Amino acid sequence: AIVDQISIRETERVNAQIREHRKNGATFEEILVECLFLSTRIANKNPCVRALVQDVDFTSRTTAPSSPQQQAFMQSWGRLIQKAFEAGDVASDLNEYSVINWLYISLEMLLLREGSVYTSDEELRYFISRFVVRPLLKS
């Protein structure tokens, strides 16, 4: 329970920093890539977040859609995802919960990846766009 509270608090800190950098007028794809990019870079510098992501028991528990972390993630990202569905930007065979779950798991993967292999900003944005975001988009 304490670890969950710390995790959610640190995630809220990361999200607050991301909101400071968001660009208005961008497409859903551009916003999502940039938010995931910033999340990865900012969270990777946070020792608490890094330690939590590297804890296998913690990360496996938090991937459940009912986990407090996923619920907090839904609160942070839900409006953006809902707007994308309303605009028809998301593949029709997906729902909001599957997208949130995918983004959460993908962010954990990105943090693990960046913890072991540093990539340039350009390479990381490309990786996020190609392998995390584009599979979610309407064809």
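Reader: What percentage of the 139 residues of the protein count as buried?
Author: This is a predicted model, in which local features need pLDDT of at least 70 and side-chain atom pairs count only at pLDDT 80 or more, while totals for chains, interfaces and linings use all residues. Residues are numbered from 1 along each chain as its sequence is written, and side-chain values use heavy atoms, with hydrogens and water left out. Buried means under 20% relative accessible area, exposed over 50% and partly exposed in between, with a 1.4 Å probe and protein chains only. For the 139 residues of the protein, the share that counts as buried is 44%.

Reader: What pattern does the protein follow along the sequence?
Author: Helices (H or I, at least four residues) and strands (E, at least two) are DSSP runs, numbered from the N terminus. The secondary structure comes to seven helices and zero strands. Read along the sequence, the pattern is α-α-α-α-α-α-α.

Reader: Within what arc do the buried residues of α3 fall, seen down its axis?
Author: In α3, residues 47-54, the buried positions are Val49, Arg50, Leu52 and Val53. These buried residues line one face of the helix, because, with the arc taken over the directions from the helix axis to the C-beta atoms, they fall within 165°.

Reader: Is α2 roughly parallel or roughly antiparallel to α5?
Author: Axes are lines fitted to C-alpha atoms, for helices over the stretch in contact, and angles run from 0 to 180 degrees between N-to-C directions. On that basis α2 (residues 28-44) and α5 (residues 68-87) pack at an angle of about 160°, with their axes 11 Å apart. Angles under 35 degrees count as roughly parallel, over 145 as roughly antiparallel, 65 to 115 as roughly perpendicular and the rest as oblique, so α2 is, relative to α5, roughly antiparallel.

Reader: Which residues in α5 do Phe28, Ile31, Leu32, Cys35, Leu36 and Ser39 in α2 meet?
Author: Contact means heavy atoms within 4.5 Å. By that criterion, the listed residues of α2 meet, in α5, Trp77, Leu80, Ile81 and Ala84.

Reader: With which side chain does the side chain of Ser129 make a polar contact?
Author: Ser129 is found in helix α7, residues 121-133, and is buried, with a relative accessible area of 9%. A polar contact is a pair of N or O atoms within 3.5 Å; within protein, one must be able to donate a hydrogen and the other to accept it, and residues adjacent in sequence count only if both atoms are side-chain atoms. At 3.4 Å, the partner of the Ser129 side chain is that of Glu29.
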